[in-house]
Amino acid sequence: MRIVSLLPAATEICYALGLGDDLVGVSPECDHPLAARTKRIVSRSLLQYKDKSSRETSRMVGERLESAGALYQVDAQALRSAEPDLILTQGLCEVCAPTVGDVENIARNLPRPPEIVSLDPHHLVEVLENIELIGRACDIEERAETVVEGLRQRIERVARKTALAAERPRTACLEWLDPLFIGGHWVPEMIALAGGVDAIGSPGEKSRRVAPEEVAAALPEVAVLMPCGFDLDRTRKEAPTVTGTSWWSQMPASQTHRVWLVDGSSYFNRPGPRLVDGLEILAHIVQPAIFPTPPAPTEAEPWVG
């Protein structure tokens with residue numbers, strides 16, 4: 001099986017299933033595990049985000065989408081050279097990777113058209129189903145079931161422990177800081193499993209833009225900054241965009257020092273196996289008495305600015 005993955009989460013799934021050697025092409029954002037960075041790059045972003053602020057990045061993306069322009073481009077020659085049997089793509093977010101329609105347009109002109117599997121999860125259970133879907137496509141169903149069962153047991157362990165929580169704090173997770181977006185899709189579900197109540201969002205709904213007034217009015221007792229695509233260092237640099245405002249300082253989470261920064265790119269934004277790591281990180285943030293072991297310094301940290 002020769003696999004091309006145009007989605008970082010799909011690449012992580014492939015490695016979790018022991019399919020790393022079968023990957024013959026990836027996107028430039030496929031950076032985990034480290035071995036993924038050695039693979040042939042078969043797509044590219046049409047916008048340069050490096051060193052751009054959150055606001056500038058949002059402006060660039062908004063202008064491109066308003067003009068119906070693409071954000072990613074598949075390298076047709078590289079894809080042809082990779083000779084894939086299977087292409088993994090997505091229909092979830094046009095800002096994150098090429099969508100299935102773009103891929104189909106190129107794939108149908110290849111000498112040997114590959115199978116295309118599009119991933120479009122909105123809930124944790126659908127992320128697990130995607131792992132099984134890739135397992136079936138690669139004829140390793142039993143291996144996929146074993147991986148999924150291990151992840152499911154970890155999820156259930158967190159849920160069993162938080163079911164005993166005396167209090168469930170109102171929690172706000174922000175997936176972008178300027179402008180503000182709340183975490184959607186699986187994030188509200190993760191908050192509930194971790195022992196909190198999402199102060200703003202609902203399970204399965206898309207990430208959406210919110211006004212500062214809406215966040216403040218929700219009175220979150222816990223706030224987590226998880227900007228999409230940002231690691232912990234980048235999140236730390238961008239945090240003052242919101243933490244330095246007057247409205248932020250009035251929130252219960254800020255006044256009780258329950259604001260956290262996390263590596264959103266690794267543990268919360270990508271619908272892959274590491275969402276379960278993210279759930280365990282979030283469980284400590286929301287219910288530290290039940291989950292006293294803190295996350296690793298590279299994963300999350302309390303905001304002390």
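How many residues apart in helix H9 are arginine 234 and glutamate 238? They sit 4 residues apart, so about one helical turn separates them.

This is a predicted model, where local features need pLDDT of at least 70, side-chain atom pairs count only at pLDDT 80 or more, and totals for chains, interfaces and linings use all residues. Residues are numbered from 1 along each chain as its sequence is written, and side-chain values use heavy atoms, with hydrogens and water left out.

**View 1. Arginine 234 pairs up with glutamate 238.** Their side chains form a salt bridge at 3.4 Å, N to O (a side-chain nitrogen of Lys or Arg within 4 Å of a carboxyl oxygen of Asp or Glu). Glutamate 238 is buried at 10% relative accessibility, while arginine 234 is partly exposed at 24% (buried is under 20% relative accessible area, exposed over 50%, partly exposed in between, with a 1.4 Å probe and protein chains only).

**View 2. Arginine 274 meets glutamate 12 in a salt bridge.** Here the N to O distance is 2.7 Å. Arginine 274 is in the loop between helices H13 and H14 and glutamate 12 is in helix H1, so the pair ties together parts 262 residues apart in sequence (helices are DSSP runs of H or I, at least four residues, and strands are runs of E, at least two, numbered from the N terminus). Both residues are buried.

**View 3. Glutamine 287 sits in the loop between helix H14 and strand S13.** Glutamine 287 is buried, at 8%. Leaving aside neighbours within four places in sequence, its contacts include Thr162, Arg168 and Gly195 (contact means heavy atoms within 4.5 Å).
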